[in-house]
Amino acid sequence: MLRIHFTEVDLARVRVAGEPDPMWEVLSCLHRLQSRGGRGQFAAWHRAVRADLHTAGLARPVREVLFALYPLGPYLPDFLTPAESEDGLGAGLDGVLRLPGREILTELQLLRRFHTLPPWAPRLAQQDERRELTELISRFHAVAVAPFVERMDSGIVAHRGLLARVLLADGVEGLLSNLGPRVRWRRPVLEVDYRTDRDLHLQGRGLRLVPTYFSWGTPVALANPDLPPTLSYPLPLGRPTVPEEALPGDAVPLRALLGCTRARVLRCVADGLTTGELAQVVGVSLSAASRHTTVLRDAGLTTSQQVGPMVVHTLTPLGAALLRRAVPQGFGSG
């Protein structure tokens, strides 16, 4: 278990990432390719990325280089998820390049305790070798992450909307209590199901929370307690179980697919609404609004989360993808 110890100052310095962090998503994607965890939920992604990596000539370097540096296990090198990646992939890769070689070697020695490293690994202390690594990470990102950014964005925006509701209703401690089933807030400690047993004392530095679309199972924190405290955790929204290709084509209006009223419900919950708010906005009874949200939730298009005394409905990534594909018509009254 990971125990993250908060002070009052730390509670005021909790931040939630506003968009996908590319380096954490790269890590999560590489773990999805090496594990059966989440295989059913990401089946369409898995098939597409495997084929695209082969077409791009990346299958072998990903297997021989990236799998060696991003293994499944109790330790992951911190230099692969630098704080700079908060500002985008380019900034994150620059952060990898700027690190002193001795820090790279120290982290590789730690990794060697758990996994056998290839003979070339120590050469990553050299700039030229590390530059080749960052180029490979960039190419992998272009195949495995970049094509899915819109879907990732919609999931994280919906999650942040729910957390904002929680924050208004129950404060930061309520927010910390709603990060998924593997995270529990027991004041003043955030308990996280983890691969190893450790304590992290924030000491006034706060905590950056990184909801990660392709993550599955156990959250991940930086190993070095001196680095800016960061916790990456699986996006706790309903995952699309329907392959992307099963969505209707661009020419299908939502009203034809769902009916006029239910199409309006789907579009309105994009902003995150309670059942009562939804009934008012759509112009239906409370029972009808509840019935429509149940149907959409059962179809995997929306998700519902308890926020204090309220239940807030919002889109899943699949629901957001359906809205993007639909012709924007048919949302009048009816």
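These legends walk through several close-up views of one predicted model.

The model is a prediction, with local features needing pLDDT of at least 70, side-chain atom pairs counting only at pLDDT 80 or more, and totals for chains, interfaces and linings using all residues. Residues are numbered from 1 along each chain as its sequence is written, and side-chain values use heavy atoms, leaving out hydrogens and water.

**View 1. The whole chain, to get your bearings.** The protein chain holds 13 helices and 11 strands. Both are DSSP runs numbered from the N terminus: helices are H or I with at least four residues, and strands are E with at least two. Of the 334 residues, 50% are buried, where buried means under 20% relative accessible area, exposed means over 50%, and partly exposed lies in between (1.4 Å probe, protein chains only). Among contacts with a separation of 6 or more, 72% join residues 24 or more positions apart; a contact here means heavy atoms within 4.5 Å.

**View 2. An open sheet of four strands.** Follow the order S3-S4-S1-S5 across this sheet, whose pairing is mixed. Two strands pair if DSSP finds at least two bridges between them. At the edges, S3 (183–186) and S5 (198–201) each pair on one side only. Neighbouring strands are turned by 20 degrees against each other on average, direction ignored. S1 (residues 2–5) and S5 run parallel, joined by four bridges, and Leu2 has Arg198 in S5 as its bridge partner.

**View 3. Strand S6, covered on both faces.** In S6 (residues 207–212), six of six residues are buried. Leu207, Leu209 and Pro211 lie on one side, with Arg208, Val210 and Thr212 on the other. S2 (residues 14–16) pairs with S6 in the parallel sense over three bridges, and Val16 finds its bridge partner in Leu209. S6 is also joined by five bridges to S8 (residues 230–234), again running parallel; look for Pro211 opposite Tyr233.

**View 4. Helix H4 and its surroundings.** The buried residues of H4 (residues 59–69) are Val62, Leu66, Phe67, Ala68 and Leu69. Their cover includes H2 (22–34), H3 (43–55), H6 (101–112) and H7 (127–144). The axes of H2 and H4 come within 11 Å and cross at roughly 115 degrees; axes are lines fitted to C-alpha atoms, for helices over the stretch in contact, and angles run from 0 to 180 degrees between N-to-C directions. Leu30, Leu33 and Gln34 of H2 meet Val62, Leu66 and Phe67 of H4. These contact residues divide into five nonpolar, one polar and no charged. Ala, Val, Leu, Ile, Met, Phe, Trp, Tyr, Cys and Pro count as nonpolar, Asp, Glu, Lys and Arg as charged, and the others, Gly among them, as polar.

**View 5. Where H10 meets H11.** H10 (residues 260–268) and H11 (residues 275–282) have axes that come within 10 Å and cross at roughly 125 degrees. The two helices are therefore oblique to each other: angles under 35 degrees count as roughly parallel, over 145 as roughly antiparallel, 65 to 115 as roughly perpendicular and the rest as oblique. Their crossing is right-handed. Thr261, Arg264, Val265 and Cys268 in H10 meet Leu278, Val281 and Val282 in H11.

**View 6. Arg123 in its loop.** Arg123 is found between H6 and H7 and counts as partly exposed, at 39% relative accessibility. Its C-alpha atom is separated by 9.6 Å from that of Ile104, 19 residues apart along the chain.

Conventions
A crossing is left-handed if the near helix is turned anticlockwise from the far one by less than a right angle, and right-handed if clockwise.
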